[in-house]
Amino acid sequence: MTTNPSTPAGAASPLAPEWLQVPADANALHEPLWAGGVARNEAGELAIDGIPVSELQRQFGTPLFVMSENDFRARARAFSDAFNDAFADICGGVDVYYAGKSFLCTAVVRWVEEEGLRLDTASGGELAVAARAGIPGADVALHGNNKSDGEIHRALDMQLGRIVVDSLAELERVAKIADARGETAKVMLRLTPGVHAHTHEFIATAHEDQKFGLSMAGDSTEQAGLSAAEEAVAAASGYASIELLGLHCHIGSQIFEPDGFALAAEKLLDFLAAMQAKYSIVLPELDLGGGYGIAYTPVDTPRPAAEIAQAMAAVVRSKCAELGITAPRISIEPGRAIVGSTTFTLYEVGTLKTVRVDAPAAGRGKPGEPGENVTYPRRYVSVDGGMSDNPRPVLYDADYSAILASRTSDAAPQLSRVVGKHCESGDIVVRDVYLPEDVAAGDLLAVPGTGAYCWALSSNYNYLARPGVVAVRDGSARLIVRGETEEDLLNRDMGV
């Protein structure tokens with residue numbers, strides 16, 4: 001037997017995840033989710049640097065990525081300042097590489113350079129953006145587990161500061177290409193330290209069973225007793241066309257706990273000291289990667305840059321003292337932690353529907369027994385974008401939040417699921433969120449935390465044009481990436 005109750009006012013729906021609480025004020029902004037300068041104006045409308053979202057929609061349409069340039073610059077400076085302060089007495093400071101894969105365009109490259117950071121790229125296309133923006137090649141790194149010959153040539157053409165080599169075969173290819181050109185390639189070796197980060201398995205990148213890096217486990221190559229990492233160090237030192245700068249690792253993404261970073265640093269410093277003792281090779285640089293988490297929902301608790309920096313510095317300082325070695329120059333690669341919270345996505349609401357879902361009644365015995373289930377409402381709120389502008393929920397089960405942006409409301413909160421317009425039942429933008437009961441077609445919703453890996457992973461599924469990106473600074477908004485048109489999509493169709 002089932003009943004059909006409504007959820008009592010102020011009570012959480014049994015369909016909601018445990019962490020999701022009914023908001024005390026559905027109009028309030030949870031500050032860690034939003035860029036500085038985002039607030040409700042006197043009319044109750046969401047605004048960024050004083051520009052209301054309705055004006056952004058009028059000028060640029062929806063869906064739309066809305067980015068705070070000031071917030072991006074502030075977060076970039078925070079990482080640079082915090083890590084330079086923490087490591088000043090250890091190695092004279094830190095080189096901060098912005099991980100361009102999170103979001104990249106020529107404007108962002110210029111901001112990165114102007115704030116004193118360097119740039120990490122992962123493909124020839126990202127190198128092309130860097131070149132167009134005019135950043136010096138010495139301040140650029142190239143990653144990738146399967147670099148093409150063309151990408152290696154481009155890296156050498158641009159005189160990159162580092163090529164991060166991912167395998168023994170790639171090391172040989174880089175050496176041969178550089179030798180044929182009569183040049184020297186500056187190389188770092190990416191190692192897999194065997195650290196399993198506490199994150200989604202698809203974005204954990206330092207355990208052994210995955211595609212990235214040179215294994216530090218013994219007997220992992222044809223040379224008995226040598227790991228792939230050690231064989232690479234020995235091989236690199238024998239190539240006249242390779243300048244071996246040091247070691248690199250990256251344990252994953254969206255990580256809150258510091259334990260994995262500390263363990264990876266210790267393992268790489270142990271390895272660096274062992275290579276110095278065995279081969280008399282002094283490796284002057286160590287890149288500890290990125291992966292620092294941000295807040296996507298009110299329960300996420302990211303660490304401030306200064307706290308991360310001090311924790312990592314303490315580990316490097318003590319480990320180098322224990323090993324009796326000079327500390328290498330440290331570099332890091334924040335991407336999401338700089339750009340993620342700078343941006344929200346603006347959508348217009350279309351159709352709405354409410355479905356009834358059976359769930360066990362609290363305190364009434366075991367689920368599934370007769371009379372134990374009741375039916376609760378879940379509302380679907382469809383917007384004019386979806387998985388084509390944010391595939392992370394379907395890729396990683398990523399959670400997001402959302403607010404009614406075009407106005408405030410005193411209506412009771414209702415458990416809602418924000419979904420896109422694509423022909424997929426998995427096209428979910430926000431799986432669970434409480435929105436006012438009176439949300440209606442034509443309202444605007446804002447989803448915060450979409451600066452990283454949303455536009456970068458966007459697609460034209462169902463032939464939707466990808467949204468534009470607007471940068472807002474000091475009350476002025478400008479397009480930094482133009483939204484696509486249907487003509488853009490059709491221009492690549494070569495016809496019959």
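Visitor: What covers the buried residues of α5?

Guide: Among the elements covering them are α4 (124–133), β7 (140–142), β8 (162–165), α6 (168–180) and β9 (185–192). Keep in mind that this is a predicted model.

Visitor: Which residues of helix α5 are the buried ones?

Guide: Start with the general idea. An α-helix has 3.6 residues a turn, so residues three or four places apart point the same way. Now the case here: in α5, which spans residues 149–157, the buried residues are E151, I152, A155 and L156. Looking down the axis of α5, you find these buried residues within an arc of 140°, so they line one face of the helix.

Visitor: And what follows α5?

Guide: Q159 does, and its phi is positive, near 55°.

Visitor: Let's turn to strands. How do I read a sheet?

Guide: Strands of a sheet pair through backbone hydrogen bonds, either parallel or antiparallel. For an antiparallel case, take the open sheet of three strands with the order β1-β2-β3. Here β1 (38–40) and β3 (51–52) are at the edges with a single partner strand each, so one side of each has no neighbour in the sheet.

Visitor: How many bridges join β1 to β2?

Guide: Three, and the two strands run antiparallel, with β2 covering residues 46–48.

Visitor: Which helix makes a β-α-β unit with β5 and β6?

Guide: That's α3, residues 106–114, and the unit is right-handed. Another right-handed β-α-β unit is made by β6, α4 and β7.

Visitor: Now zoom out for me. How many helices and strands are there in the protein?

Guide: The protein has 12 helices and 21 strands. Its radius of gyration is 25 Å, close to the 23 Å that the globule rule gives for 496 residues, so the protein is as compact as a globular protein of that length. The C-alpha atoms fill a box of roughly 75 × 55 × 55 Å along the principal axes.

Visitor: What share of the residues count as buried?

Guide: 53% of the 496 residues do. As for the accessible surface, the total is about 20,800 Å², and 49% of that belongs to carbon and sulfur atoms.

How values were computed
Residues numbered from 1 in each chain as written. Predicted model: local features only at pLDDT ≥ 70, side-chain atom pairs only at ≥ 80, totals over all residues. Heavy atoms only, no water. Buried < 20%, exposed > 50% of the residue type's maximum accessible area, 1.4 Å probe, protein only. Helix = DSSP H or I, 4+ residues; strand = E, 2+ residues; numbered from the N terminus. Arc of directions from axis to C-beta. Contact = heavy atoms within 4.5 Å. Pairing = 2+ DSSP bridges. Right-handed = clockwise from strand over helix to strand, strands pointing away. Rg over C-alpha atoms; globule rule 2.2 N^0.38 Å. Areas by Shrake-Rupley, 256 points an atom, 1.4 Å probe, with all protein chains shown as cover.
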